[in-house]
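Keep the viewer open as you read.

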Protein chains: 2
Amino acid sequence: MMIDKLYEVVNKNGHVCVGLDTDLSYIPNKLVKQYNSVSDAIFEYNRKIIDATLDVSACFKVQIAYYEAYGLEGMIGYKKTLDYLRHKKAIIIADIKRGDISKTAEMYAKGHFEGDFESDFITLSPYMGLDSIEPYLSYVKDKGKGLFALVRTSNEGAKDIQYIKDENDERIYNVVGKKIQELGDRYLGKCGYSAIGGVVGCTHIEEGIQMRDELSRMFFLIPGYGAQGGGAKDVAVCLKNGNGGVVNSSRGILLAYKKHEDGEHKFDIYAREEALNMREAIRNVI
Amino acid sequence: MMIDKLYEVVNKNGHVCVGLDTDLSYIPNKLVKQYNSVSDAIFEYNRKIIDATLDVSACFKVQIAYYEAYGLEGMIGYKKTLDYLRHKKAIIIADIKRGDISKTAEMYAKGHFEGDFESDFITLSPYMGLDSIEPYLSYVKDKGKGLFALVRTSNEGAKDIQYIKDENDERIYNVVGKKIQELGDRYLGKCGYSAIGGVVGCTHIEEGIQMRDELSRMFFLIPGYGAQGGGAKDVAVCLKNGNGGVVNSSRGILLAYKKHEDGEHKFDIYAREEALNMREAIRNVI
């Protein structure tokens, strides 16, 4: 199962999930000019970032919105990036946050667990309910794939729905988290975590402690490091015995080069440096 | 504004929204064999359905999952379908149910309101909160585009989250609906409905009456007609004064030909017949 592989890579390489949120404006001009197509510019930039961070990261999260934004060219860049990650035996989380039911969800599953856009894990939005997750489970069972369902996100707007308290004085994100963990208990890996993980923003320490405690068999995909305001201390409480989650940084790593005069020429080296710093910062507090 | 255009087309052509959930297995064999690529087969089938239903429908809903399922070829078919709809001056609802925040949501907005995948309306999932809707609003304001946020879906699993009651004994879908209507009041069309509509499954009559009453300025995208079990009487309560919503049917229209011996040769004619029957069934009860 992919969740076991992810768990092992975290033990070996640390918790950093490199977010390939590749906007054209992030790519050094020099590199953009070298390529004739948007897809090549995006892919060649990603390839250099992947090569530079592969051995110091747990996995790569590819945010599909950045590729959809460039239409067909973007989708070609997306496919090339996934192909390359697979070739490098890297673990791929496709951050697609799809959320639909029955046949439509089956088609999303086919689209993102097979063929051109195949990945190892995908993110899902649970608003429609648990039957928006079930159509993906055959891929979990038969192909060892994994899911991350949104539980508690790190944005301000999380209060609008996720923070609402139910009749039992329990917040929606907690109700959702427990329902998803229950479903996930049917797909536990040898590592003790389920193939159905959760997207959990760890920007509030007390909440993080509570979630880590109550959702003890759920592997966390933790966003919000760096650019979104979270730091190593915030995420530490969401990791358990040094594992149990990966921490994503996208712009923090991709744009690390902007802080250096010679950055444009060494963007991949600065990305690696940033990933290493982040890995150490997390290791130091857990 | 697109919402005013949609309102006018409903008055003229009726409430049917033709759902282009085009699975390859739905396309008559004869047609599939005529084309060398998946994208051409999908597009040529869609083109015939569009031509046959354009003057008896309000709009077309293109469910992107069916296109993502076929990878790059599917996305080429998706783009061709949108191009053709635009060429025919049809109103396009891209059923993408995206839900993300800040820069990621901006990229989705760019991807689906500009360029290769440009549509008139997109569907959004609100789990992350109102800040997952805000990044799209510049397109509503500047380009007259529209949104449909998930409010109350028609699936069984809706009970898992949407049905939870909050501290004030109000269900989540209702809380969400009212928040979105409040946001939408900043973008009211001349027709009295906001450019921010809601996806509202009208499978329970009492609920439908209540939602139509409380969300009086929200235009409804109503799924679940036909294949998903809803009928004309169910949706009638969700329409107001003969307008205020469109009713989607996908498989009901696309697969109407399967009920006829000569269906494979006349699938477009039977699709039109089904759309006409549906239009009449709805008109007869409102």
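Y67(A) is buried, at 0% relative accessibility (buried means under 20% relative accessible area, exposed means over 50%, and partly exposed is in between, with a 1.4 Å probe and protein chains only). You'll find Y67(A) in helix α4 of chain A, residues 65-68 (helices are DSSP runs of H or I with at least four residues, strands are runs of E with at least two, and both are numbered from the N terminus). Who are its neighbours? Leaving out residues up to four places away in sequence, Y67(A) touches L20(A), T22(A), I42(A), N46(A), V62(A), G74(A), M75(A), G77(A), Y78(A) and T81(A), where touching, or contact, means heavy atoms within 4.5 Å. One of these, G77(A), sits 10 residues along the chain from Y67(A), and the two C-alpha atoms are 7.1 Å apart.

Before we go on, a word on the ground rules. This is a predicted model, so local features need pLDDT of at least 70 and side-chain atom pairs count only at pLDDT 80 or more, while totals for chains, interfaces and linings use all residues. Residues are numbered from 1 along each chain as its sequence is written, chains are lettered from A and ligands numbered from 1 in the order in which they are written, and side-chain values use heavy atoms, with hydrogens and water left out.

Now look at S125(A), in the loop between β4 (121-124) and α7 (137-143) of chain A. Is S125(A) buried or exposed? It counts as buried, at 4% relative accessibility. Apart from residues up to four places away in sequence, S125(A) touches K97(A), R98(A), G99(A), S132(A) and L150(A), and also S125(B) and Y127(B).

That brings us to the interface. Here 62 residues of chain B are in contact with 62 residues of chain A. Between them the chains bury about 5,000 Å², 60% of it on carbon and sulfur atoms; buried area is the accessible area (1.4 Å probe) that two parts lose on being put together, summed over both. L72(B), M107(B) and Y127(B) supply 16% of the area that chain B buries against chain A, more than any other three residues.

Of the elements on the side of chain B that touches chain A, α6(B) gives the most, with seven residues. The residues on that side of chain B divide into 27 nonpolar, 14 polar and 21 charged, with Ala, Val, Leu, Ile, Met, Phe, Trp, Tyr, Cys and Pro counted as nonpolar, Asp, Glu, Lys and Arg as charged, and the others, Gly among them, as polar.

The rule also finds six salt bridges across this interface, a salt bridge being a side-chain nitrogen of Lys or Arg within 4 Å of a carboxyl oxygen of Asp or Glu. D100(A) forms one with K97(B), with the closest N and O atoms 2.7 Å apart.

Over all chains, the count comes to 52 salt bridges. K79(A) pairs with D83(A), the closest N and O atoms being 2.8 Å apart. Both residues lie in helix α5 (residues 71-87) of chain A, four residues apart, about one turn of the helix. D83(A) is partly exposed, with a relative accessible area of 28%. In helix α13 (residues 267-285) of chain A, E280(A) and R283(A) are three residues apart, again about one turn, and their salt bridge has its closest N and O atoms 3.9 Å apart. E280(A) is partly exposed at 36% relative accessibility, and R283(A) is partly exposed at 32%.
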